[in-house]
Amino acid sequence: MATRFYNTMTRRKEIFQPIESGKVRMYTCGPTVYNFAHIGNFRAYVFEDLLRRYLKFKGYEVIQVMNITDVDDKIIREANKAGQTIREFTRKYRDAFFEDIDTLGIERAEVYPAATDHISEMVGLISKIMDKGLAYRTDDGSIYFKVSEYPKYGRLAHLNVTDMKRGTRVQNDEYEKEELRDFALWKGWKAEDGPVCWETAIGKGRPGWHIECSAMSTKYLGNHFDIHTGGVDNIFPHHENEIAQSEAATGEKFVNYWLHCEHLMVEGDKMSKSAGNFYRLRELLDKGIDASAIRYVLLSTHYRQKLNFTFDKLEAAAKSITRLRDFKKSLDQPVNDGALQIDQIVEKYLRDFEEFLDDDLNISGALGSLFRCIHEINAFRESTPLTDRDVGVVSNFLDKVDSVLNVMNVSERTLSSEEQQLIEKRQKARAERNWAEADRIRDELLKRGIILEDTPSGTSWKRKIKT
RNA sequence: GGCGACGUACCCAAGUGGCUAAGGGAGAGGUCUGCAAAACCUUUAUUCACCGGUUCGAAUCCGGUCGUCGCCUCCA
């Protein structure tokens with residue numbers, strides 16, 4: 001089975017072929033650490049997590065690099081206002097970022113390079129571009145990339161940038177440059193930058209926005225690597241500029257596959273602070289919403305589809321996960337011996353699961369096949385108990401699938417002694433046929449998010465996934 | 001103005017030329033239960049925004065209309 005990805009560069013699905021057999025090198029655009037990340041940011045990171053996990057599922061060795069951008073206009077402004085160095089200012093957001101990705105079950109990348117640790121690499125790259133005569137310096141000490149020298153400019157975004165004259169932001173750009181479309185590789189120091197600057201061979205100042213990704217991807221992945229991802233809003237100008245810089249400097253092709261994930265909307269609208277529908281992950285968690293429900297919502301819509309984040313969806317997600325986990329849990333019960341085998345069912349659906357994901361990460365199809373598999377096994381089990389061997393086969397299947405999804409594993413928090421006592425009290429009440437008391441305690445526990453399940457073999461409990 | 005995406009049941013969401021239009025949620029019915037809940041089972045679109053066309057055959061291809069949305073210099 002061949003894995004195919006939609007390549008923004010060619011605007012079509014292409015069979016994925018890594019440069020080095022069995023190994024995938026990918027660069028995923030990471031956070032600018034000037035504030036706590038919002039759920040839109042995490043949609044991109046969850047998408048990248050799915051990509052990474054699936055590549056590993058397929059047997060590839062994955063080398064993922066995700067940048068931490070810790071110097072930019074906003075950071076400089078805020079840090080100076082607070083009288084902190086940019087490192088001091090960004091530390092808590094950087095720590096929060098790592099905490100948040102752990103919370104969402106996002107697997108760590110191999111390298112998280114910070115921009116400020118790679119100034120010399122950037123300077124080296126800029127010097128190389130200048131030596132080739134593809135960049136120029138302005139009076140304020142800034143260095144611009146000369147877009148007219150790079151004929152392929154605009155190929156990724158499919159934009160004709162020659163007659164780009166409307167953008168309102170252009171007016172706000174106080175730097176001088178020869179052509180509107182030229183972009184900064186290096187920004188000369190200005191008084192308002194305060195202490196934030198580097199004295200380098202190319203002058204005193206700080207890097208432009210795009211150069212860090214070119215410099216750091218090259219350092220850790222080489223001049224030419226397999227996959228580069230980000231949100232659709234990065235297509236232009238960020239990724240377009242990266243390509244121009246990198247290919248101009250190295251003379252080699254930069255990236256083979258460009259994957260971009262669509263935006264997240266909230267309750268039908270673009271997420272914005274003024275509309276009051278702006279959510280940071282931490283705010284949702286503070287409301288008591290379960291992280292796995294958030295992960296599921298972000299994960300379960302195809303990455304090239306706009307994702308409308310709603311509270312209804314969180315609820316539906318929580319129930320979907322519950323169904324998966326209940327099924328998994330049901331396998332823990334002791335089983336009889338028998339002669340039945342369900343290998344065929346499992347094999348069929350595992351094949352489906354893989355085929356769907358092979359097709360540009362069709363997660364909806366893949367989840368569909370998972371639920372069908374569960375349903376088929378449940379229906380089968382109604383009449384015929386599974387054998388120990390069957391249970392092993394099914395567990396194996398779930399583990400494999402969950403290595404990609406990462407939604408089924410729960411480390412169930414243990415009960416507090418008070419909760420424990422309540423359950424015991426209810427057991428006693430039930431034994432005494434004191435139903436009113438038993439029901440009262442059951443409601444009490446439910447309020448605490450604990451669901452009791454009375455079965456012929458006794459009473460068990462589980463925590464409700466909160467939304 | 002330029003470029004592009006999308007419109008499938010009550011909600012979410014796959015499917016992009018031909019098998020019964022996946023799957024999840026919600027609803028209805030059932031099994032279980034002291035009653036519940038949970039779990040599980042059964043069930044829910046003669047039809048894919050609308051109108052034309054191509055084709056033996058279209059949700060799927062082509063043209064048009066309506067609607068929603070994105071990008072066009074520092075936002076994932």
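Analyst: Asn-7 stands opposite Arg-12 in β2. Strand β1 (residues 4-7) pairs with strand β2 (residues 12-15) in the antiparallel sense, over four bridges (pairing requires at least two DSSP bridges; strands are DSSP E runs of at least two residues and helices H or I runs of at least four, numbered from the N terminus). This is a predicted model, with local features needing pLDDT of at least 70 and side-chain atom pairs pLDDT 80 or more, whereas totals for chains, interfaces and linings use all residues. Residues are numbered from 1 along each chain, chains are lettered from A and ligands numbered from 1 as written, and side-chain values use heavy atoms, without hydrogens or water.

User: Which residue in the turn has a positive phi?

Analyst: Arg-11 does, at about 60°; four residues lie between β1 and β2 in this hairpin.

User: Switching topic: how is chain A divided?

Analyst: Into domain 1 (4-261), domain 2 (269-405) and domain 3 (417-463), with bounds from an automatic or database assignment. The C-alpha centres of domain 1 and domain 2 are 34 Å apart.

User: How many salt bridges between domain 1 and domain 2?

Analyst: Seven (Lys or Arg side-chain nitrogen within 4 Å of an Asp or Glu carboxyl oxygen). Elsewhere in the list of side-chain pairs, Asp-359 and Lys-13 form a salt bridge at 2.9 Å, N to O.
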